[in-house]
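Student: I would like to learn how to read local features in a model like this one. Please take them one at a time.

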Amino acid sequence: MASDSRSNAGYDQVNLCRKMHTFVMPDERAFVILTSGSVSLTQSVITLLREDFNAGEGLAKVPTPYAASRVVGEAVRRVSDLDRAHLEKDDFSFNINLLLGGQVKGSRSGLYLVYPQGNPLSATQDSPYLQIGECKYGRPILDRGIVHGSTPLEVAALYGLLSFDAAMRSNVTVGPPIEMLIYRNDSLHFDGYRSFPADDPELLSIHRQWERALRKAVEDLPKIHFNACLPGH
């Protein structure tokens, strides 16, 4: 799981906002939620989920990740009932999407995208990763590199970081710190976390090496052979 930390409310309102949230009961269940869209809406959803979790409800008692995705969807609908009509009256959309990943002891791990209507979509073997937010710049590297069942977890993390590197290069609404978290099946806790600020030496080194390798790979490709342009064309 990976997220940036930049929220955008117009060219003059670019702020830092954490988009990764964890819900953990060690050795029993571990969930992580990524958010995109309106900060006020995502904060409300996370607050409702956190209050229920701390009270032993919601994500604290669901039997499976699918059930957890339904709990997250219900929280989205609760906030929708409170705020959607007022937002749309002033021409603001109910803009919120979430990614939920994790596992409950005794069940399989799962990854879900939860839409603004509250319904979930599961990752599958044919679609082994899910994205929310600004994804068009970072998607090609994932499409070309991620292979279900054969891409090691650590390599997948590199692809995720490069995906954000591409997005940050082309879109000012995506920016550091970049948070990354890896989860190993049946561990039921999170022990692989990293935050990359803009000046992180490892992030900068990966960026430089990737750009050099990419340029060299292009230069090493077979050259395109051109013909003379036909008259009238």
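Student: Where is L188 found?

Tutor: L188 is in the loop between β9 and β10; strands here are DSSP runs of E with at least two residues, helices are runs of H or I with at least four, and both are numbered from the N terminus. Phi of L188 is near 60°, a positive value in a residue other than glycine. This is a predicted model, in which local features need pLDDT of at least 70, side-chain atom pairs count only at pLDDT 80 or more, and totals for chains, interfaces and linings use all residues. Residues are numbered from 1 along each chain as its sequence is written, and side-chain values use heavy atoms, with hydrogens and water left out.

Student: Is L188 buried or exposed?

Tutor: Buried means under 20% relative accessible area, exposed over 50%, and partly exposed in between, with a 1.4 Å probe and protein chains only. L188 has a relative accessible area of 7%, so it is buried. D27 also has a positive phi, near 65°, but D27 is exposed, at 56%. D27 lies in the loop between β4 and β5.

Student: How do β9 and β10 pair?

Tutor: Two strands pair if DSSP finds at least two bridges between them. β9 (residues 178–182) and β10 pair in the antiparallel sense over 5 bridges, and M180 stands opposite R194 in β10. Both strands belong to an open sheet of 3 strands in the order β1-β9-β10. β1 (2–3) and β10 (192–196) are at the edges with a single partner strand each, so one side of each has no neighbour in the sheet.

Student: Which peptide bond is cis?

Tutor: The bond from P176 to P177 is cis, with omega near 0°. P177 is in the loop between α4 (153–170) and β9.

Student: How many aromatic pairs does the structure hold?

Tutor: Rings of Phe, Tyr and Trp (its six-membered ring) pair if their centres lie within 6.5 Å; planes under 30 degrees apart count as stacked, over 60 as edge-to-face and the rest as tilted. The structure holds 3 aromatic pairs. One of them joins F23 and F53 edge-to-face, at 5.5 Å centre to centre and 80° between the planes. This pair links distant parts of the chain, with F23 in strand β4 (residues 20–25) and F53 in helix α1 (residues 39–54), 30 residues apart. F23 and F53 are both buried.
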